[in-house]
Every structure is written in structure tokens, then in C-alpha cells.
Amino acid sequence: MSYRALPIICLLSFGVILQSCDKIVIPEEKPHEPIVEKPPKPIIVTAYTRGFKIVPTTTQPVAVPSQETRANQHALVVGIDKYKYSGANGFTNLDGAVNDAKLLAEVFRNQKVDLPDSRILLNENATRANFIKAWKSMVAKANPGDTLILTYSGHGGQETDLPPLDEKDGFDETLMFHDFNPATITDGRISDDELLGIFKKAKNYKILFVADSCHSSGMVRSLAKPVGKFRSAGSWNIRPNTPPPSITLPTEGDENKKLPQHITMITAVDSDSLKVPETTFYNQAHGALSWFFAQAMNGDADSNKNGRLERNELERFLKQKVTTQMDRRQTPKLLPRGDQKAVFSLNKGFEVRPTIPNTVRIAVKNGSAPSDLNNASVIKNETLADLLFVIQGGETQVFNKNGDKITTLTSNTAANWQRLIDKQRLLKALEKQFQMNLKPIKITLQEGDKLHKKGEVLHFSIAPGDKSEGLNALTLFNLAGNGELQFLYPLSDYGDKPVIQKFPYTLPPMKTTKPFGGDNLVAILCKKPKADLHSLLEASQPNIPEPNSITALLDDCQIGQYAFFSSK
């Protein structure tokens, strides 16, 4: 029996608003170029439903409020894939930021949030000047007490700290607009100090800010292959002769200050996260935070079903969904944490649910897949695949959607490939079983999230998120890197008690052995023991049973997953 873990070690410098990125020293200053703004183009987003299904919750016609009555919630949505000065200046264009913006725009409109075309800024329309104009327009239209929602998908950056000098590391954090020019740094971006300045000025409104961009300064865990694109535009030095922005904004230092209570901020990564890549959902590139924030806005995060999303509900939902999707490489952060302040009101006229395919998308390099695979579709685009099989000589390296090597197959039989496909299908099905009305299971690895080597002893512990929920009947199994199911608890041969009397429950120490790669530890806590589930798992191993045969037995249960990695 073997266990593996993935390292999540990163050196980050967080301000209150944004985080730091890789440092890049720019060449000599070039003359400041005047900025000529174009009016935003009309945005059509009502047909953007790829991967989502919009279903009325009632058979009766849904009344659409008039523009005058609809709204105490207003949105400004920014999505940038194409950057005017990308390429030679150290950062690349992206693939999924505009997809994020279109998806969120449609969700907001379905939720009756006030969002005119002029406040959907995509690519060349997403300039600093247009952003400031759109923000001022939104504030002017809102009434005191209304909610102002700002979402940003694109590159994050870092620059030399400007007054107010508040950053311990000497760098401010920034969001990069389409017109960001490394030669005239102060235009084409907005700093954390400027954001906090305009947010504090709008103190009579509730503000919900979502930043789906990458700001990490280092990554210890290396990718075996590049996957997608990273939303990090690096760090830039501001020299004394750098011209100021053409449009100035109020600034407010944010270092070591509590976020004002009228502001709720959600960022794609927290202080312990790795650099965040874009990912894919149903054949389209996206940011994981934006994707699951869209689901949250349509009620999936409303655990108490009161028609409002509270900070603790958003934090719980987004952390669980994003962390699971990204195999613990990415954990979002919400500030302020953990209170019950409502930040979004739901429109009960619509539900938006993702359409879940029954197949696993696979890509193959240097060969072809076995012809008799079940529940798998072969695609050409590697970045959109759930699994990538790279055939090299007599071996096949297998990578997951995040670029992590999960196993090496020494035989290309259909059975070996099928196990990995079955594992992926089960993980998807279990992820959908997470119960928002129950606290997340706490799974802890004492040795930490790093790449574990052969022979290393690992210590896992498990506990319910809230003991008062009465979830004390434990089922535990591991899905090994090669797709084998390993039923771990309760084992009748060892006299295991299905009901745990004292938490946290500590697993017996486990030594890292082959097969090396990526494993997923699955913990299920229920109100009553699941004897039928135990019998199914014990009889099926090492094969994985049909996902529906497992999920049908999971009433009154909470699901937890922990992805971890090993190597020789």
C-alpha cells in the first residue's frame, strides 16, 4: 500500500488586495505614449451557455424586473486574454480570461444583476481608462446600500512600491489591463493601493471583488509538462523618471490593515498556494475560481437555502471546489474570513447547472489509444484533456489535467488505460457529492504537501468539519496513481470499528512505495455505517466499481478528497 503527496510550497508576498509575482527587470525607459481610448464595443453574452444548462425553477413564466426596479446589485466584469505589449516583455497572452468574463456576465444577468454592455470590458476594451470610466458609472448609478461587484480575470503583476509606502517587500501588487506597457509602467494597470482607495471612497456601498489572477513569486513543485497558461505578468521596476498615470486615483496603503467591513475580497490563491495555471471545463479554458464562482452565484453555495450568499458559505464552497479541481495546487482566499455577512442576493427564477459528460477526455502522443476503451473520448488538444498519455518506447507516461505525472504504464493494455479512466470518472462523481450544508472534512498530512520520496513514512489524520453534525461513521479508500482501488477502512480482518469514537482519527503510518505518482485519498463520513458500501469496495478492489453504485449509497454523508504525489 502506498501514499503520495504533492508539495504546495510557495513564497508569496500578500498585500490586502493582491499578491506578488515573479520579478522581471525591464530595459531602459521608452518615451511615454499618449493613450487614445476607443468606446467599448457592444458585448453579446446571452448565448454563452457552453458547458452550462439554464433551467427555470418553475413552470410559470419568470418575471423580469424592469431596469428601474431590478436592482440593488451592480456588476463590472473584466476579462483579458490579449495584451497589447505581450510576448517579448516577459508575459504571454491567455486563453480563458475572456471565457470567464462571458460566463460571469451571463450568470449575473440571469441573476438580475444590473450589467450593461458598457461594463463588460474584454481585451482591447479593457484599458485602465475604460475601467475607471466604468467604475465611476457603476457607482453613480447605484444607491447607498447597493452591492457593487467587480470581477477580474487576467494577469496579475507587481511593481515598485509607490506612496503610500506600505509594503514590507517594497512592491505593490497590480492588475494588468490590455494597454499595460512595460516601458511606461504606471498606465495600463491598477495597483492594490488604488483599488483600496476607490473601494474605501465607495464606503456607502457593499463591494464584492473577485480577482482570478496569479500572483505567486515562486513554485517548488515542478511540472512534468507545461499545461495551460499562468496568469502572472511578473514584477516591474518603477524608476524615478517614470511618468505618473494619465488618470490618477485615490490611494490607500493596505499592508497589515484590516479590510473595511463593506468590502469582501476573493482571490484565486492564498498565502500557501503555488502559481496558478488556467484549467479547462468542458473543452474551454477558464480560471477555476471564476468557474466555481459562477456556480456559487447560481445558488450552489447557498447551504442554508435562505436566498443569500454569506461569506462563510462562499469561502467553504470555493475552497472545496477549487482545491479539488486543481489537486490542491490552488486554494482561494476570502477576506474577511468566516462570518455570516450576506454579500449576494439570489434570483430564484433560474438555476444554472453544469452539464456533466459521462466520458473522460484523453489525448495521446506518439501513438494511439487502445480501441476498446469505455467511457473515454480521444481529443487532439492536450490542454483540454483530463488525461494525457505520452508513449515513449515501452513505457507510457500519464499526466493529469494540471500537468502532474500520475503514473508510468509499462504495458499499454486496454485494462491499464481503463483503470485510469475509471478513476477519473469516480473522482468527478465524488466531487459532485460534496454537501454544502455540511462542513468540509479535515484531512491532514503531517509531513506536509511536498513530493514524497520512496521509503518516506506518511501520517494522515481525519476529522469532521463540525463534530456536532454527527458524522462519525468512517469509510476510507485510496485511488492509486495507476488506477487501483485500495479499500482502507473499516477492514473486518483488523477488527476496525465503523464508528469512530474520538477525532481526529489517525491512520497507521504508511510507507511510500511503488507504484509512484499521483494518488487520491477519499474519506467519507456518514451518520450511520455504510455496510453495503464497504462490501462493494472490498469486493471490487483493485478494480473501481461504476460511480453510480457508490454515490447511490452516500445519503447523509460528506465527502473529502486529498491529492498527493510521490516519486522514486
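This is a predicted model: local features need pLDDT of at least 70, side-chain atom pairs count only at pLDDT 80 or more; totals for chains, interfaces and linings use all residues.
Residues are numbered from 1 along each chain as its sequence is written. Local features need pLDDT of at least 70 and side-chain atom pairs pLDDT 80 or more, totals for chains, interfaces and linings use all residues, and side-chain values use heavy atoms, without hydrogens and water.

The protein chain has a mean pLDDT (the predictor's confidence in each residue, from 0 to 100) of 79, with 73% of its residues at 70 or more. Over residues 160-171 pLDDT stays under 50, and the model has 44 contacts (heavy atoms within 4.5 Å) for them beyond four places in sequence. Residues 215-227 are also below 50, with 54 contacts beyond near neighbours in sequence.

Helices α4 (residues 288-300) and α5 (residues 311-325) pack at about 140°, their axes 10 Å apart. The contact involves residues including Phe292 and Phe293 of α4 and Leu314 and Phe317 of α5.

Helix α6 (residues 414-431) has 18 residues and spans 26 Å from first to last C-alpha, close to the 26 Å expected at 1.5 Å a residue. Of these residues, 13 are buried (under 20% relative accessible area), so α6 is largely enclosed by the rest of the structure.

Thr359 lies in the loop between β16 (350-354) and β17 (360-365). Its relative accessibility is 29%, so Thr359 counts as partly exposed (between 20% and 50%). Beyond four places in sequence, Thr359 contacts Asn375, Ala376, Ser377 and Lys428.

Note on methods
Helices (H or I, at least four residues) and strands (E, at least two) are DSSP runs, numbered from the N terminus. The expected span of a helix is 1.5 Å times one less than its number of residues. Buried means under 20% relative accessible area, exposed over 50%, partly exposed in between (1.4 Å probe, protein chains only). Axes are lines fitted to C-alpha atoms, for helices over the stretch in contact, and angles run from 0 to 180 degrees between N-to-C directions.
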